[in-house]
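Have the sequence and the 3D view open while you read.

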Amino acid sequence: MPVFADGRIPVLIVADEAALAASLAGGGKAALLAEEPPAGLPPGIVASAGFEPGDTHPAACTCCAGRVPMAQALDALFLDRVKGRAPWFDRVVALLPSPDRRAELDVILHMDGVVSARYRPG
């Protein structure tokens, strides 16, 4: 009987600080994705990345090929994890109060080839 394992990093989208705290209650190590990460990281968060929603580079620029800032932030988290610049984490919690940002991340998780190869909806 074949067994299929998904080695991608799960991404859980939360809307507020209470949901963030609840998502961290289960233990393990998580990374935080937020427009503005909090000054002090909550217990359980070992890495964080922020993004500026309007800070998009021109199409096909050499650094990011015109990808949206949220996708670039997820790339940075992944690279920090695999290169040892951040402690190893087993999931990402995305603190996104705006419904538009939550929808944007959902699209990125499904449609951005690089992100969808590394991450999955959690």
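What follows describes salt bridges and then nonpolar cores.

## Basis of the model

This is a predicted model, in which local features need pLDDT of at least 70 and side-chain atom pairs count only at pLDDT 80 or more, while totals for chains, interfaces and linings use all residues. Residues are numbered from 1 along each chain as its sequence is written, and side-chain values use heavy atoms, with hydrogens and water left out.

## Salt bridges across the chain

Side chains of opposite charge can pair when their charged atoms come close. A salt bridge here is a side-chain nitrogen of Lys or Arg within 4 Å of a carboxyl oxygen of Asp or Glu. The whole structure has nine salt bridges.

One of them joins Asp6 and Arg120, with 3.8 Å between the closest N and O atoms. Asp6 lies in the segment before strand 1 (9-14) and Arg120 in strand 5 (residues 119-121), so the pair links distant parts of the chain, 114 residues apart. Helices (H or I, at least four residues) and strands (E, at least two) are DSSP runs, numbered from the N terminus. Asp6 is partly exposed at 38% relative accessibility, and Arg120 is partly exposed at 26%. The cut-offs are under 20% relative accessible area for buried, over 50% for exposed, and in between for partly exposed (1.4 Å probe, protein chains only).

Glu35 and Arg101 form another salt bridge, at 3.3 Å from N to O. Glu35 sits in the loop between strand 2 (30-34) and strand 3 (45-50), while Arg101 belongs to helix 3 (residues 99-111), 66 residues apart.

## A linked network

Arg118 pairs with Asp75 in a salt bridge, the closest N and O atoms being 3.1 Å apart. This pair links helix 4 (residues 113-118), which holds Arg118, to helix 2 (residues 69-82), which holds Asp75. Arg118 is partly exposed at 22%, whereas Asp75 is buried at 12%. Through shared partners, salt bridges join Arg67, Asp75, Asp112 and Arg118 into one network.

## Nonpolar cores

A nonpolar core is a set of buried Ala, Val, Leu, Ile, Met, Phe, Trp, Tyr and Cys residues joined through side-chain atoms within 4.5 Å. The largest has 23 residues, of which Leu33, Leu77, Val92, Leu105 and Tyr119 touch the most other members. Helix 2 gives the most to this core, with six residues.

Which residues does Leu33 touch, not counting residues up to four places away in sequence? Among them are Ala49, Phe51, Met70, Val92 and Leu105, where contact means heavy atoms within 4.5 Å. A second, separate core of nine residues includes Leu20, Leu32, Ile45 and Leu95.
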